[in-house]
Amino acid sequence: SQQGEEDPQALSIQEGENATMNCSYKTSINNLQWYRQNSGRGLVHLILIRSNEREKHSGRLRVTLDTSKKSSSLLITASRAADTASYFCATPTGNQFYFGTGTSLTVIP
Amino acid sequence: GAGVSQSPRYKVAKRGQDVALRCDPISGHVSLFWYQQALGQGPEFLTYFQNEAQLDKSGLPSDRFFAERPEGSVSTLKIQRTQQEDSAVYLCASSLTAGTKNEQFFGPGTRLTVL
């Protein structure tokens, strides 16, 4: 079973709106990573947040991490049609990364 | 090349056949991971290499699955006597340093279909 779980499973928004997706995990981590996957393609790394960080920004992306609640959120601001993809959080345990089932984001032009 | 490459991109096998999937990581990357991704699911960890050493193979679903990275660069995932439940996308990822402290760079995957 996978320890990282994203919600919602699916999200549909209009272009220009913000999209927020959440990730919950079970064990202690030293970092948490978010990835994007376009249909039929490999995963692309978006952002890494370390356990001693609470918030991180990269362009239109904002990630928060709450280690006390074992949760993270990814905010995409001013969404574009090109942001349509599946988004996964990845949490490391030992030498393994655990991925959730992902949030499928559709941005309608 | 600049990124992680995998070959073949698509593989169709008859049940019972053996297959070999190749991963070329980014040059100099210490860590290499293999994942299995079923349709509509997230990647599931299969195995981890630190250079040529296979440090974790706990995710391999059965003894029909075997992975190697003999010179610490290219890796091969071999599946013997393929079964229909092996149909999935197999992803390879590499990372500059050992362990899971940094980002992974993924290849495009190999889509395996077992008939």
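At 3% relative accessibility, B:Asp86 counts as buried, where buried means under 20% relative accessible area, exposed means over 50%, and partly exposed is in between, with a 1.4 Å probe and protein chains only. I wanted to open with that residue. Before I go on, the housekeeping: this is a predicted model, where local features need pLDDT of at least 70 and side-chain atom pairs count only at pLDDT 80 or more, while totals for chains, interfaces and linings use all residues. Residues are numbered from 1 along each chain as its sequence is written, chains are lettered from A and ligands numbered from 1 in the order in which they are written, and side-chain values use heavy atoms, with hydrogens and water left out.

OK, back to B:Asp86. What does B:Asp86 form a salt bridge with? The partner is B:Arg64, and the closest N and O atoms are 2.8 Å apart. By salt bridge I mean a side-chain nitrogen of Lys or Arg within 4 Å of a carboxyl oxygen of Asp or Glu. This pair links distant parts of the chain: B:Arg64 sits in the loop between strand E6 (53-56) and strand E7 (65-68) of chain B, and B:Asp86 sits in the loop between strand E8 (75-79) and strand E9 (88-95), 22 residues apart. Strands here are DSSP runs of E, at least two residues long, and helices are runs of H or I of at least four, numbered from the N terminus. B:Arg64 is buried as well, with a relative accessible area of 11%.

Where do A:Arg60 and A:Asp83 lie? A:Arg60 is in the loop between strand E6 (55-58) and strand E7 (61-66) of chain A, and A:Asp83 is in the loop between strand E8 (71-76) and strand E9 (85-93), so the pair ties together parts that are 23 residues apart in sequence. Buried or exposed, then, for A:Asp83? A:Asp83 is buried, at 8% relative accessible area, while A:Arg60 counts as partly exposed at 24%.

Now the other one. A:Arg62 forms a salt bridge with A:Glu55, and the closest N and O atoms are 3.1 Å apart. A:Arg62 is partly exposed at 29% relative accessibility, and A:Glu55 is partly exposed too, with a relative accessible area of 40%.

While we're in that part of chain A, have a look at A:Glu53. You'll find A:Glu53 in the loop between strand E5 (43-50) and E6, partly exposed at 25% relative accessibility. Which residues does A:Glu53 touch, not counting residues up to four places away in sequence? Those are A:Leu48 and A:Leu65, where contact means heavy atoms within 4.5 Å. A:Glu53 and A:Thr67 are 14 residues apart in sequence, and their C-alpha atoms are 9.4 Å apart in space.

Let's zoom out to whole chains, starting with chain A. How many helices and strands does chain A have? Zero helices and 11 strands. The radius of gyration of chain A is 13 Å, close to the 13 Å that the globule rule gives for 109 residues, so chain A is as compact as a globular protein of that length. That radius is taken over C-alpha atoms, and the rule is 2.2 Å times the number of residues to the power 0.38. The C-alpha atoms fill a box of roughly 40 × 25 × 20 Å along the principal axes. Of the 109 residues in chain A, 46% are buried. For contacts in chain A with a separation of 6 or more, 54% come from residues 24 or more positions apart.

And chain B? Chain B also has its count: zero helices and 11 strands. For chain B the radius of gyration is 13 Å, close to the 13 Å from the globule rule for 115 residues, so chain B is as compact as a globular protein of that length. Its C-alpha box is roughly 40 × 25 × 25 Å along the principal axes. Buried residues make up 46% of the 115 residues in chain B.

That's the tour, so over to you for discussion.
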